[in-house]
Amino acid sequence: MPRGAKNKQACRKRRWTNNMLPHETMTESYIYKNYYAPHATHGILGNFSSFAHISDNGIEWDNHDLIANKQAQAITIHGSSIHNKAIKDTFLFIHELCQFEYLKFLSIPIDFLSLIQWEHEETRLEHLRMNNPVNGDLWGLFKEKKLPQFPSNIFQKLVTLELPCPAKDWRGFDIKNFPILKWFATELEEYDRSGLSLKSIAKNPSITGYGLFDPKGHDILSHIPVNIESLGIWRATSKKFNFCKIDDFKNLKYLQLTGSPTVFDINWIASLPNLEELELRSFQGIKGAELLFGMNNLKYLKIDFTHDKSYMNPQEKIMLYNKIQYCSLD
């Protein structure tokens, strides 16, 4: 067998450790399982999920029978910027969510807000997502301060909340209405380059994790409490975002960084003493990968979709596979 092929075979064998079968290992990160997609306990959708994608070609459903039988535990409806689409009859069940006794996860376009009887959901929903409207342009609605009224109910069980834009000037929104919230995620991009909207979110002391999509300000992390344990950052570039600031979050246990043309330098996070899980995806390359060997608390490491894969040789990868409970390197 060629030497290179033998090394690759050894690397694959080392992915599963501690005498565990593949399906028994931590194949997904803590952030993914508990915050980003807590409904996806089996496959992409989960055992009790219903998914609808709205596009110019129509409405495509998965697991629609769970809607018809009112058995869905998770409902996701993804809108898009399309106009004059007849959706009223298709989504009449939104008015009757109180009959879905198992419902815990809900993801809807923001223009569906007014269709829901929130007094029935405030005591049982655990995960709430807002996404782009079916009709209209999100950026236009935000800029003109015409976002639909946000429910002002007290959500007693909500653990995660995700918004498609900052909560700045959003009528009805109050972070105090989520007393046990653990994870808050929001799209920043052009909406809030400075990240100032995060200052009001940080007033909720129960939040232990943040997810930031498209951050474009170097000092955005300065508005987040440094004692949080979970942080997810998507589509950030080093020209517009200061990755070095992550080093201030000494209590971080879970870190997920995804989607950037930046070469990521492990020096930016190598001194985090409590980091247990690290996921780096879709970076141009990795610098300082040898510092991973000194991060002794790492139990989960995933590096994939890296353009330049020369950050570590096969022998070094084998050493990491032997050291870390779950390790997947591209």
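These legends describe close-up views of one predicted model.

Residues are numbered from 1 along each chain as its sequence is written, and side-chain values use heavy atoms, without hydrogens or water. In this predicted model, local features need pLDDT of at least 70, side-chain atom pairs count only at pLDDT 80 or more, and totals for chains, interfaces and linings use all residues.

**Figure 1. The whole chain and its confidence.** The chain holds 7 helices and 15 strands. Both are DSSP runs numbered from the N terminus: helices are H or I with at least four residues, strands are E with at least two. Buried residues make up 50% of the 330 residues. Buried means under 20% relative accessible area, exposed over 50%, and partly exposed in between (1.4 Å probe, protein chains only). The chain averages a pLDDT of 87, and 87% of the residues score at least 70. pLDDT is the predictor's confidence in each residue, from 0 to 100.

Figure 2. Helix α1 (residues 3–13) has the lowest confidence in the chain, at a mean of 39. Strand β6 (residues 160–163) has the highest, at 98. Where pLDDT is low, the predicted coordinates should not be read in detail.

**Figure 3. Strand β4 and its partners.** All 5 of the 5 residues of β4 (residues 105–109) are buried, so the strand is largely enclosed by the rest of the structure. Phe105, Ser107 and Pro109 point one way. Leu106 and Ile108 point the other way. Strand β3 (residues 74–78) runs parallel to β4, joined by 3 bridges. Two strands pair if DSSP finds at least two bridges between them. Alanine 74 has phenylalanine 105 of β4 as its bridge partner. β4 and β5 also run parallel, with 5 bridges. Isoleucine 108 has methionine 130 of β5 as its bridge partner.

**Figure 4. Glutamate 28 and lysine 302 in a salt bridge.** The side chains meet at 3.9 Å, N to O. Glutamate 28 lies in the loop between α1 and α2 (30–36) and lysine 302 in strand β14 (residues 300–304), so the pair ties together parts that are 274 residues apart in sequence. Glutamate 28 is partly exposed, with a relative accessible area of 30%. Lysine 302 is buried, at 9%. A salt bridge is a side-chain nitrogen of Lys or Arg within 4 Å of a carboxyl oxygen of Asp or Glu. The structure holds 13 salt bridges.

**Figure 5. Further salt bridges, including glutamate 162 with arginine 129.** These two side chains meet at 3.4 Å, N to O. Glutamate 162 lies in strand β6 and arginine 129 in strand β5 (residues 127–131), so the pair ties together parts that are 33 residues apart in sequence. Both residues are buried. Lysine 250 forms a salt bridge with aspartate 247, the closest N and O atoms being 3.3 Å apart. Lysine 250 is partly exposed, at 35% relative accessibility. Glu187, Asp214 and Arg235 are linked in a network of salt bridges.

**Figure 6. Histidine 223 in its loop.** The loop runs between β8 (209–213) and β9 (230–234). Histidine 223 is buried, at 15% relative accessibility. A polar atom of the histidine 223 side chain lies 3.1 Å from the backbone oxygen of serine 194. Beyond four places in sequence, histidine 223 is in contact with Ser194, Gly195, Leu196, Leu198, Lys199 and Ala202.

Technical notes. A polar contact is a pair of N or O atoms within 3.5 Å; within protein, one must be able to donate a hydrogen and the other to accept it, and residues adjacent in sequence count only if both atoms are side-chain atoms. Contact means heavy atoms within 4.5 Å.
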